[in-house]
Amino acid sequence: MNRFTGKSIIVTGAASGIGRASAILFAAEGGRVLAADRSPQIHETIETIRKSGGVAHGMEMDAGHEADVRKMVAEALRLHGGLDVLFANAGISGGMPSLFEQTEADWKAVLQVNLIGPMLAIQAAAPEMIRGGGGAIVCTASVAGLRSGAGSPAYSASKAGVISLVSLAANQLAGTGVRVNGICPGLIETGMTREIFTRAAERGTTDRIGQLNPTRRSGVPEEIARAALFLASSDASYINGHALVVDGGLSSSLPIVPPKPRG
Ligand SMILES: NC(=O)c1ccc[n+]([C@@H]2O[C@H](COP(=O)([O-])OP(=O)(O)OC[C@H]3O[C@@H](n4cnc5c(N)ncnc54)[C@H](O)[C@@H]3O)[C@@H](O)[C@H]2O)c1
C-alpha cells in the first residue's frame, strides 16, 4: 500500500517503540517523515528508514516544550512544504508509585509530556493543516486512560485527558478538514514496558504476560503503528473524535474467570 505518497508526516517519540515502528511504516507507504524525539537514538530510526529507501529527517526536541513543538512544525513545513499528518505519540510512564507516593512534581512532569504535549502539538499543527486544505491528527492515549490499574495515577489521568483532548479538538476543528483521533494501546513490548518483560524473563514467567486479555498475549509496536496509519489515512475518512482501543480485548471485560472454551 502507498497511502501516504508525498505526504508530510510528523511522528513524536519516534526513537523507540510505537513511534519508531510508525515512522518506519509511514515512510514505507511513501510518507516524508519528520521523526522527533528527545533521545539522540532518533538518528537510528532515520538511518533505518533511509536504508530502505524512505524519506525521513530527525529532530531532537522536547514534546512537552512549546517552543520545541513550534520549531518541529516549522521544520516539517520547511522540509516538506506542508503538514498532512501529526502522530503525537511521545510519552513517559513516570514509574508505578501509588496515589499517596506520587508528588505534585511527578504529576506535573507526566502531564507536561503526555497531555500538554499533544495539546501543544495540535495547537501548532492544526492551523498549518487547515492552510493546506486538511489533515489528520492521531494522539497516543492508553487503556490506562479508560480504567485504573494500567499505570500510575498521574499516567492514567494524563491518558484520560488525551481521550478527552481528541474528542474536544475534533469538535473545535469542525468543518476544517482536520480529523483528530486517539489510540488506546494495551500492553505493548516497548522501551516503556521493557522492565515488565525483563523481570518476567528472569522469573521464567514470560508465558503469563498478556494472559488477562482474550487474545492471550502482549502486543508488538507494529500492531499499534498499523492502527495509527489507519486512523491517519483516508481509509478512516469518516472517523473523527474517536479513541480506538487496540488492546487484544483487555478492556472489554470485567475481571471474571472466563468459561472454558468448548470443543
Ligand atoms: N508500551 C505500552 O504498553 C503502552 C501502552 C499504552 C500507551 N502507550 C503509549 O505509547 C506511547 C509510546 O510509548 P512506547 O510504549 O513506544 O514507549 P517507548 O519508551 O519505547 O517510546 C517512547 C518515546 O518517547 C520519547 N519521549 C519521551 N518523552 C519525550 C519528550 N518529552 N519529548 C520527546 N520525546 C519523548 C522517548 O525518548 C521514547 O523514544 C506513549 O505515549 C505511551 O504512553 C504505551
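Colleague: Which residues does Ile10 touch, if those up to four places away in sequence are not counted?

Modeller: In this predicted model, Ile10 touches Leu34, Ala36, Met72, Ala76, Leu83, Leu86 and Phe87, once residues up to four places away in sequence are set aside. Ile10 itself is found in strand 1, which covers residues 8–12. The C-alpha atoms of Ile10 and Gly31 are separated by 9.6 Å, and these two residues are 21 apart along the chain.

Colleague: Why is Ile10 called buried?

Modeller: A residue is called buried if 20 or more other C-beta atoms lie within 10 Å of its own. Ile10 has 29 C-beta neighbours inside 10 Å, and therefore it counts as buried.

Colleague: What makes Arg216 count as exposed, and where is Arg216 found?

Modeller: The cut-off for an exposed residue is 12 or fewer C-beta neighbours within 10 Å, and Arg216, with 12 of them, therefore counts as exposed. Arg216 is found in the loop between helix 6 (194–203) and helix 7.

Colleague: What can be said of the phi of Arg216?

Modeller: Most residues other than glycine have a negative phi. Arg216 is not a glycine, and yet its phi is positive, at about 60 degrees. A positive phi, near 90 degrees, is also found at Gly53, which follows helix 2.

Colleague: How do you know that the buried residues of helix 2 line one face of the helix?

Modeller: In helix 2, which spans residues 42–51, the buried residues are Ile42, Thr45, Ile46 and Ile49. When one looks down the axis of helix 2, these residues fall within an arc of 100 degrees, so they line one face of the helix. An α-helix has 3.6 residues a turn, so residues three or four places apart point the same way. Glu47 and Lys51 are exposed on the other side of helix 2, whereas what covers its buried residues includes helix 1, strand 2 (32–37) and strand 3 (55–60).

Colleague: How does the reach of helix 7 compare with the span expected for it?

Modeller: Helix 7, covering residues 221–232, has 12 residues, and from its first C-alpha to its last it reaches 16 Å, which is close to the 16 Å expected at 1.5 Å a residue. Its buried residues are Pro221, Ile224, Ala225, Ala227, Ala228, Leu229, Leu231 and Ala232. Among the elements that cover these buried residues are helix 1, strand 4 (85–88) and strand 7 (243–246).

Colleague: Which residues are closest to the ligand, and how does the shell around the ligand divide?

Modeller: The ligand is surrounded by 27 residues, the closest being Gly13, Gly17, Gly91, Thr190 and Gly191. The shell divides into 10 nonpolar, 14 polar and three charged residues, with Gly counted among the polar ones. Helix 1 (residues 17–28) gives the most to this shell, with three residues.

Colleague: Why is the protein chain called as compact as a globular protein of its length?

Modeller: The protein chain has seven helices and seven strands, and read along the sequence these follow the pattern β-α-β-α-β-α-β-α-β-α-β-α-α-β. Its radius of gyration is 18 Å, close to the 18 Å that the globule rule gives for 263 residues, so the protein chain is as compact as a globular protein of that length. Buried residues make up 46% of its 263 residues. Of the contacts between residues at least 6 apart in sequence, 70% join residues at least 24 apart.

Note on methods: Residues numbered from 1 in each chain as written. Predicted model: local features only at pLDDT ≥ 70, side-chain atom pairs only at ≥ 80, totals over all residues. Near = placed C-beta within 6 Å. Helix = DSSP H or I, 4+ residues; strand = E, 2+ residues; numbered from the N terminus. Contact = placed C-beta atoms within 7 Å. Expected span 1.5 Å × (residues − 1). Rg over C-alpha atoms; globule rule 2.2 N^0.38 Å. Arc of directions from axis to C-beta.
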